[in-house]
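Visitor: I've just opened this one. Can you walk me through it?
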Amino acid sequence: MQNSIQYGIYLRQKANSLAKELFRKSIHICSSFVPLFLGLAYYPTLWLLVFALAGYSLCEFLRLKGVTIPLVSKVTEVAARKRDENRFVLGPVTLVIGIILAALLLPPECAKVGIFALAFGDGLASLSGKLIGKITIPGSHGKTVAGSLTCFLAVYIATFCCCQNCYVSLLTGCAAMILEMLPLSDFDNVLIPIIIGLFFGLVS
């Protein structure tokens, strides 16, 4: 009886963790629309990203002071991981900063590939690791083989859709997979779009 209760608690915790990860990474995947908006209205899109970053940061500071902001605080609560409890949730900040820097520093096609690597590669890798990841990679702080392979495949497909070059897509997918393996915490959101965008520009 006791074992059944413990197993039920375990399943509930796992389902809750998966739901949080699904919600978080859906935000990552939605960032794949940013290159489209940048192409349509470059500066307005950048300003909207800056305003979103400032607005979110303000809401987070207020939340930590005990002030609840409708919708924003609830979204943060739902998306926050265990390690983020009672702390400033940094993920959305680094996500937006990475996208803004890629858009400002890189040519449009390179920025697009870098943002796609962040949206699809990093986003789907985490979900795959949670769902089917069994074998972890030593020294990667829990990253899984399944997650890394998913990252490679996602970035390969996204890059190929941009350049129609199998060789360049293969190299870019491999680079993204290696970078995704590193234990960078939330700062992978900043590094992935810039480094992968630069790498794509070099090999193409």
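Guide: What follows is a quick tour of a predicted model.

Visitor: Salt bridges next. How many in the whole structure?
Guide: A search of the whole structure turns up 3.

Visitor: Which side chain does R63 pair with?
Guide: R63 meets E60 in a salt bridge, at 2.6 Å from N to O. Both residues lie in helix α3. They are 3 residues apart, about one turn of the helix.

Visitor: Is E60 buried or exposed?
Guide: E60 counts as buried, because its relative accessibility is 1% and the buried class covers values under 20%. R63 is partly exposed, with a relative accessible area of 25%.

Visitor: What about E109, which partner does that have?
Guide: E109 forms a salt bridge with K112. Their closest N and O atoms are 3.9 Å apart. This pair sits in helix α6, again with a spacing of 3 residues, about one turn of the helix.

Visitor: How accessible are those two?
Guide: E109 is partly exposed, with a relative accessible area of 32%. K112 is partly exposed too, at 27% relative accessibility.

Visitor: And which residue does K143 bridge to?
Guide: The side chain of K143 meets that of E180, at 3.9 Å from N to O. K143 lies in the loop between α6 and α7 (145-163), and E180 lies in helix α8, so the pair ties together parts that are 37 residues apart in sequence.

Visitor: Buried or exposed, K143 and E180?
Guide: K143 is buried, and E180 is buried as well.

Visitor: How does the lining split by class?
Guide: The lining of the second largest pocket has 8 nonpolar, 1 polar and 1 charged residues. K112 is in that lining, and Lys belongs to the charged class.

Visitor: Now the surface. Which residues make the nonpolar patch of about 600 Å²?
Guide: Y43, W47, L48, V50 and F51 make that patch.

Visitor: Where is Y43 found?
Guide: Y43 is found in helix α3 (residues 42-64). That helix also holds R63 and E60.

Visitor: Why does Y43 count as exposed?
Guide: Y43 has a relative accessible area of 58%, and it counts as exposed because that class takes values over 50%.

Visitor: How accessible is L171?
Guide: L171 is partly exposed, with a relative accessible area of 25%.

Visitor: And how far is L171 from T159?
Guide: Their C-alpha atoms are separated by 9.8 Å. Along the chain, L171 and T159 are 12 residues apart.

Definitions and conventions. Residues numbered from 1 in each chain as written. Predicted model: local features only at pLDDT ≥ 70, side-chain atom pairs only at ≥ 80, totals over all residues. Heavy atoms only, no water. 1 Å grid on protein atoms, 1.4 Å probe; cavity = no way out; pocket = protein on both sides within 12 Å on 5 of 7 lines; lining within 4 Å. Patch = residues over 30% accessible without salt bridge, like charges linked within 9 Å, V, L, I, M, F, W, Y side chains within 5 Å. Areas by Shrake-Rupley, 256 points an atom, 1.4 Å probe, with all protein chains shown as cover. Salt bridge = Lys/Arg side-chain N within 4 Å of Asp/Glu carboxyl O. Helix = DSSP H or I, 4+ residues; strand = E, 2+ residues; numbered from the N terminus. Buried < 20%, exposed > 50% of the residue type's maximum accessible area, 1.4 Å probe, protein only.
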